[in-house]
Amino acid sequence: MNASRPNPNNEESHSSLSLAVVGLDGTGEAFARAGMLHPAFRLVTVADPRPERGAAVANRLGVPFAPAYLDVLNDPTLDGLIVAGDMADRATILAEAAVRGRAVLATSPPAGTLTRLDDLILTASEGGARVACPNPWRVVPATALAARQLREPGIGQLLAVFAAHRTKQAMGDPLVELGLPLLDYLVGALRAEVVQVQATAETLFATDGPGEPDTWLLLLRFRTGLIATVELGRSLPAAFPTDSELRVEFAGSERVVVADAENLGVTTYAGDGSVRRNASGPDAHRALLDGFLPAVRDAQAPEESLVTLRWVMPLIEAARRSAAEGTPVSLTRR
Amino acid sequence: MSDRVGSGSRLRVGVIGAGTIAVGAHLPAILRLRDSLELVAVADVRAEAAKEAAERFGAAHAYTDTRELLDRSDIDAVVICTPEFLHAEQTLAAAAAGKHVLCEKPMAATVAEADAMLDACQRAGVRLMIGHSRRFTPRYQRIREAIDRGDIGEVRLVRENERRPIAMYTAQAGWAGYWAPDAGGGNARPWLEQAAYSQGAALTNAVHEMDLIRWFVGAEAVSVYAESRITDPNAEVPDFITASIRFANGALGATEVVNRLPPGYPVYHLTEVFGRDGLVRALDPAMATLAVTDPTGTTFPANWGTLLQVPIAYESQLRGFADAIAADGPVPLDPVHARQALALSLAAVRSSREGRVVRLDEGEEDAATPAAAVRRGITGSDGTDPDGVGTEGQ
Ligand SMILES: NC(=O)c1ccc[n+]([C@@H]2O[C@H](COP(=O)([O-])OP(=O)(O)OC[C@H]3O[C@@H](n4cnc5c(N)ncnc54)[C@H](O)[C@@H]3O)[C@@H](O)[C@H]2O)c1
């Protein structure tokens, strides 16, 4: 892995853009690795509000560690910042980066409520920050391919959609952490409007006190009449076979497309009984960095920004209200 | 009343309804269990179907009138394989004739009918068992055993998804399901797709999911929210249903059933039981084709057999029923479970119709639904209700 380590003496690296990752959860670490391998970027440093965790990751990656993350946010020599980390950390770091007018790639979700998201949007706009907040499911090979296949002729009438994202991680509210990107992806892939949501939320597994629910069952009704069944879960038992699992199934009358992001594969069941399995594509973090490039290099407004995600918040909030009140909640067009 | 109950000798059986499930599963199972079962008669309103089944499976008698079968004193038990709107009426008639009853799922068309069946069989002193065949399918039994052994700890969430290709039934030549009371032997639409006779996916297969979820959770359902859909413009009943269920012990259940997938799509079934300590998952992704094999008389596609282990399940279900009668003991699956699964399915139907969470303790809605009204019209078309039940007064 030595060749991929940041090397200030490497001639090529002089021409590349300097990058730092702040917030070193699993996603932050994955971005750091992708940054080390990306030809256009040079990973200069990593930081985390919790220095012990940050130091451990930096050590693992063999990159310099900045004990005070604010120093990184203030460093004028850095071209771009990636903000990851646990939800609470992430929102704070993001606000601090936004106020400093930086080019930021924020991992999704950037905020848990519409108010907080709007705060961030305002801060970024006042600070002149370019904050990209891309949806990973649009570039993860399996889900990206599934969305493309939905657009190809041949799926027939869409009969049902099933999506489940579950993880062993003890994260914050999975409705936001897992649901926000997934719902955004589903609606984007289906190009349809959700008109009603019914949500059932429960703490089934988490043992960290009576906190936020760890499991959400959502039934979404689209204007087209289509129903999507969505399951979101965190804190699954340690025996759960994988750290995290995402399965999205688009069931059409002519073809069924199943994206299994864990195995990075798409299985297509066609009407003639044939089954096609597609190979996996390029690394998703790498693809997200590719998308971030114009915002850093050319000071362009990012294609998927905080504003892009704004639409999904009412859906999240409707789901919360549905779970609290025990009734389906309709979403009316504004 | 039968002249003896088959202890020590073969249990003498009559089959009512010689359609898909009878010919595909029950009659072959009776044949395979011929050491302990004797097929005496088959009844079906379609004379040809009754005759053919009797000949093929070795019954001496074929009837178009179920009454004649029930009047025979040399029949100990009946297997009811007719559509669900006939289950109560025929079970009550069988109980009144002193016959033990193994009746196909769903138990009945309404909970009130199911209660009448329980009551009638108890009063008549005959056994009643409902054919929730998946409880007798090895893979589900293994799952329940894993739960019982404590392998996964307390069950917290159960998901049961099922998908079917559209042609699973209809592609079969001469499919019996095209029969409908008012089709005059013709084939307007299968009864399964007519609102007069069927609730669609909720009772066709989601009742299996409801039963399995209850079984794995090991508690009673408290409330359900469901969305259903008619995706086939020609059908009158939903071919899609999805539901979220709350249980009394705090566990959740979830199910999604889609019955109109491409013809080549494999019968798909996903079972996931999440416990506090682990997970049991059964998925059928490998069944990629819909081959039809027919060595012992089954007309189901091979993958259906793989999925549901039809021959094994129906055989063990029937053996359990026969053994219970022989030993004068309880049937291996208490019909109350079938009643509860039915109540849950019907609550899901109501939820999807009314767009709200339905609590199980709300009780059944007035059975004066359009479907019930039409059924009443059919069963009481001549102004009589021969068994004094029908669907009236529910
Ligand atoms: N356990 C399972 O997995 C499973 C599978 C399939 C069907 N089923 C159940 O079995 C039942 C029958 O389903 P099917 O698919 O075999 O239906 P089907 O339409 O293929 O067969 C029904 C038969 O009943 C006959 N019939 C109708 N009215 C009658 C009457 N009054 N007296 C005698 N016979 C009469 C019809 O002529 C037909 O042959 C349904 O309740 C269904 O839900 C259960």
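Trainee: What is the accessible surface of chain B, and what share of it belongs to carbon and sulfur atoms?
Mentor: This is a predicted model. The accessible surface of chain B comes to about 13800 Å². The share that belongs to carbon and sulfur atoms is 51%.

Trainee: How many of the residues of chain B count as buried, as a percentage?
Mentor: Chain B has 13 helices and 13 strands. In contacts between residues at least 6 apart in sequence, 71% join residues at least 24 apart. Of the 394 residues of chain B, the part that counts as buried is 62%.

Trainee: Which strands are joined to β9(B), and by how many bridges?
Mentor: Strand β10, residues 252–261 of chain B, runs antiparallel to β9(B), and seven bridges join the two. Strand β8, residues 221–229 of chain B, is also antiparallel to β9(B).

Trainee: Which residue of β9(B) is the bridge partner of Ser223(B)?
Mentor: The residue in question also stands opposite Leu252(B) in β10(B). In β9(B), the bridge partner of Ser223(B) is Arg246(B).

Trainee: Which residue in the turn between β9(B) and β10(B) has a positive phi?
Mentor: The two strands form a hairpin, with four residues between them. The phi in question is about 90°. The residue is Gly250(B).

Trainee: Is His208(B) buried or exposed, and which residues does it touch?
Mentor: His208(B) is found in helix α9 of chain B, residues 206–217. Its relative accessibility is 7%, under the 20% cut-off, so it counts as buried. Leaving aside residues up to four places away in sequence, His208(B) touches Lys105(B), His132(B), Ser133(B) and Arg134(B).

Trainee: Where does the largest nonpolar core lie?
Mentor: This core has 77 residues, and those with the most contacts inside it are Tyr185(A), Leu218(A), Leu220(A), Val230(A) and Phe250(A). Helix α9 of chain A, residues 179–190, gives the most to it, with eight residues. Residues come from two domains of chain A, so the core lies between domain 1 (13–133) and domain 2 (137–280 + 315–330).

Trainee: How far apart are the C-alpha centres of the two domains of chain A, domain 1 and domain 2?
Mentor: The contact takes eight residues from domain 1 of chain A and six residues from domain 2 of chain A. The C-alpha centres of these domains lie apart by 27 Å.

Trainee: What area is buried between domain 1 and domain 2 of chain A, and which three residues of domain 1 supply more than any other three?
Mentor: The buried area is about 530 Å², and carbon and sulfur atoms give 53% of it. On the side of domain 1 of chain A, three residues supply 55% of the area buried against domain 2 of chain A. Those residues are Ser108(A), Pro109(A) and Gly112(A).

Note on methods
Residues numbered from 1 in each chain as written. Chains lettered and ligands numbered in written order. Predicted model: local features only at pLDDT ≥ 70, side-chain atom pairs only at ≥ 80, totals over all residues. Heavy atoms only, no water. Core = buried A, V, L, I, M, F, W, Y, C linked by side-chain atoms within 4.5 Å. Buried < 20%, exposed > 50% of the residue type's maximum accessible area, 1.4 Å probe, protein only. Domains from an automatic or database assignment. Pairing = 2+ DSSP bridges. Contact = heavy atoms within 4.5 Å. Areas by Shrake-Rupley, 256 points an atom, 1.4 Å probe, with all protein chains shown as cover. Buried area = accessible area lost by both parts, 1.4 Å probe.
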